[in-house]
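Subject: Model for you to look at

Hi,

Here is the structure I promised to send over. Have a look at it first, and my notes come after.

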Amino acid sequence: MIPLSWYLSLAAALFSMGLYGVLARKNAIAILMGVELMLNAVNINLVAFWRYLTPENVAGQAFAVMVFAVAAAEVAVGLALVISIYRRRKTVSADEINLMKW
Amino acid sequence: MTVEQAVFFFTSFLILFSAFMMVTRQNLVHAALYLIVALFGVAVVFVLLDAGFLAVVQVLVYIGAIAILMIFAVMLTRGDVAREQEPVNAGFGWALMLAALFCFGLIILIGQWPAVNSQAAVLSADTNTVLDLGTALVSPDGYVIPFEVASVLLLAALIGALVVARPQKKNSGSVK
């Protein structure tokens, strides 16, 4: 049998990799991919907690479904923003999109 | 080592390896393909956790829609890729340090928590997790309001994405 800690450690490592991707990558689409990794790590945690601690209460799975919906909304709006920026400025590099940078 | 553990180790290795390749590749199409492998590994983890419905939704929504959308966006912004020399920005050392610290901190926290070695509760034979989830999502004592709010959010995101990505007219007719 697999103890809960294995799932939590896997999710922690996956979340950290997503965090690195978000913080370090230049390309805006790569940043969105990092966000997807982080959301997936959260989903693993939610489902693992549901399965191990409260299998009679489906709150964990229901929340994971909400995270799916939010991820889909986030990626649709995010990619629309990226494409719109690319049309205007011919770049998707987060370093060069500094119009609103203080 | 049981079969379950072997599958878990193999899947974890696959997920973490492809996640690592995803965040380090310069070529964004390769990164998107590694993202698909990682997402598929997460679907396998859902199967290991007896969440079959979520595994199917993971493949349908994440791989079938989100990852394909990513690949489309990469192709639509292709002109930028050739110019990009370095995939990471100047502060990537800080990002690496922060991510590593975060990972170790989380794993230490997980190790200190007493419930962490608990084993999975045995699901009785007549438990139908898909049926339970479906009932909870539409029952008034369950999650019907978050469920409906999520649908409104998706509609708002759809309209918002259309408005944001619509090509701008050069000189709109009202300015005369």
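Below is what turned up, starting with the ground rules.

This is a predicted model, so to speak of local features we need pLDDT of at least 70, side-chain atom pairs count only at pLDDT 80 or more, and totals for chains, interfaces and linings use all residues. Residues are numbered from 1 along each chain as its sequence is written, while chains are lettered from A and ligands numbered from 1 in the order in which they are written.

First, the contact between the chains. Chain B puts in 74 residues and chain A 64 (in contact means C-beta atoms, placed from the backbone, within 7 Å). On the side of chain B that touches chain A, helix 5 of chain B gives the most, with 11 residues (helices are DSSP runs of H or I, at least four residues, numbered from the N terminus). By class, that side of chain B has 60 nonpolar, nine polar and five charged residues (Ala, Val, Leu, Ile, Met, Phe, Trp, Tyr, Cys and Pro count as nonpolar, Asp, Glu, Lys and Arg as charged, and the others, Gly among them, as polar).

Next, one helix pair. Helix 2 (residues 28-52) of chain A packs against helix 3 (residues 52-76) of chain B at about 170°, with axes 11 Å apart (axes are lines fitted to C-alpha atoms over the stretch in contact, and angles run from 0 to 180 degrees between N-to-C directions). The two helices are therefore roughly antiparallel (over 145 degrees). Ile29(A) and Met33(A) are among the residues of helix 2 of chain A that meet helix 3 of chain B, whose own include Leu54(B) and Ile66(B).

Cheers

Note on methods:
Angles under 35 degrees count as roughly parallel, over 145 as roughly antiparallel, 65 to 115 as roughly perpendicular and the rest as oblique. Two residues are in contact if their C-beta atoms, placed from the backbone, lie within 7 Å.
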